[in-house]
Structure formats: structure tokens, C-alpha cells
Amino acid sequence: MNDASPATAADKPAPPPVWTVDRIRALGAVTDVATAGAIFGMSRSSAYELARADRLPVPVLRVGSRYRVSVTAILTALGVPTDAPPPPPPAT
């Protein structure tokens, strides 16, 4: 007898997050290499491999043993204006 139950929607891995300009800006001034790689559609291991070889599409900041990537550099590489849009006018 087979005890394996059929796969359900709960068994499927969650889809990767959708990276919008607002979500990228919300990261702050810098982010890690894994997140930068995800924004560019690559795996964590590929992102670190490219970072070590200085081949990531954005400059990598090495801070001690950590790698960081400027969010402004990510936005620039994506062709997005780096200035945040003006806030909406106050409601009247």
C-alpha cells in the first residue's frame, strides 16, 4: 500500500516575489547580493558567483566579509529613475 498522498496546492513552493520599483526602493540604501540577484532573476548561488568574479550587473560593495549592493545602482541598471517620485498631494 502506498502511503504517499497526492500533491496539493499547499505542497507547491511559493512563487518568487514580484520585484516592483516600489519594493526595490523600500529595501533602503543597500541590500545583499542574494536579493540583488533575485531582482535580476538569478539564483542566490549564481548571484554570489558573479559577485565574487566582479560580473554582477551592478557594482558590489565589500564590507568586511559581507557583500552589499547599492539600491540606486540596481535601479540605474534597470533603467529606472533613481529619484523617488514626489509624494501625492494632501487630501482635501
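A: Here is a walk through the sheet, strand by strand, with its surroundings.

First, some ground rules: this is a predicted model, where local features need pLDDT of at least 70, side-chain atom pairs count only at pLDDT 80 or more, and totals for chains, interfaces and linings use all residues. Residues are numbered from 1 along each chain as its sequence is written, and side-chain values use heavy atoms, with hydrogens and water left out.

Now the setting. The chain has 4 helices and 3 strands, and along the sequence they follow the pattern α-β-α-α-β-β-α. Helices (H or I, at least four residues) and strands (E, at least two) are DSSP runs, numbered from the N terminus.

The strands make an open sheet in the order β1-β3-β2, with antiparallel pairing. That leaves β1 and β2 (60–63) as the edge strands, each pairing on one side only. From one strand to the next, the twist averages 40°; for such angles, axes are lines fitted to C-alpha atoms, for helices over the stretch in contact, and angles run from 0 to 180 degrees between N-to-C directions. Two strands count as paired if DSSP finds at least two bridges between them. In general, strands of a sheet pair through backbone hydrogen bonds, either parallel or antiparallel.

Take the β2 and β3 side. These two pair in the antiparallel sense over 4 bridges, and Arg 62 has Tyr 67 in β3 as its bridge partner. They form a hairpin with 2 residues between them, and Gly 64 in the turn has a positive phi of about 65°.

Thr 31 sits in β1 (residues 30–32) and stands opposite Val 69 in β3. Why does Thr 31 count as buried? Because its relative accessible area is 7%, and buried means under 20%, exposed over 50%, partly exposed in between (1.4 Å probe, protein chains only). Leaving aside residues up to four places away in sequence, Thr 31 touches Ala 36, Tyr 67, Arg 68, Val 69, Val 71 and Ile 74. Here, contact means heavy atoms within 4.5 Å.

Still, Ala 29 touches Val 69, Ser 70 and Val 71, not counting residues up to four places away in sequence. Ala 29 and Ala 73 are 44 residues apart in sequence but 9.8 Å apart in space, C-alpha to C-alpha.

Back to β3, which has two faces: Tyr 67 and Val 69 are on the covered one, while Arg 66, Arg 68 and Ser 70 are on the uncovered one. With residues up to four places away in sequence left out, Val 69 has contacts that include Ala 29, Thr 31, Val 33, Leu 56, Val 60 and Ile 74.

That brings in the core. A nonpolar core is a set of buried Ala, Val, Leu, Ile, Met, Phe, Trp, Tyr and Cys residues joined through side-chain atoms within 4.5 Å. The largest one has 19 residues, and Val 33, Leu 56, Val 60, Val 69 and Ile 74 touch the most other members. The elements giving two or more residues to this core are α2 (33–39), α3 (44–52), β3 (66–70) and α4 (71–77).
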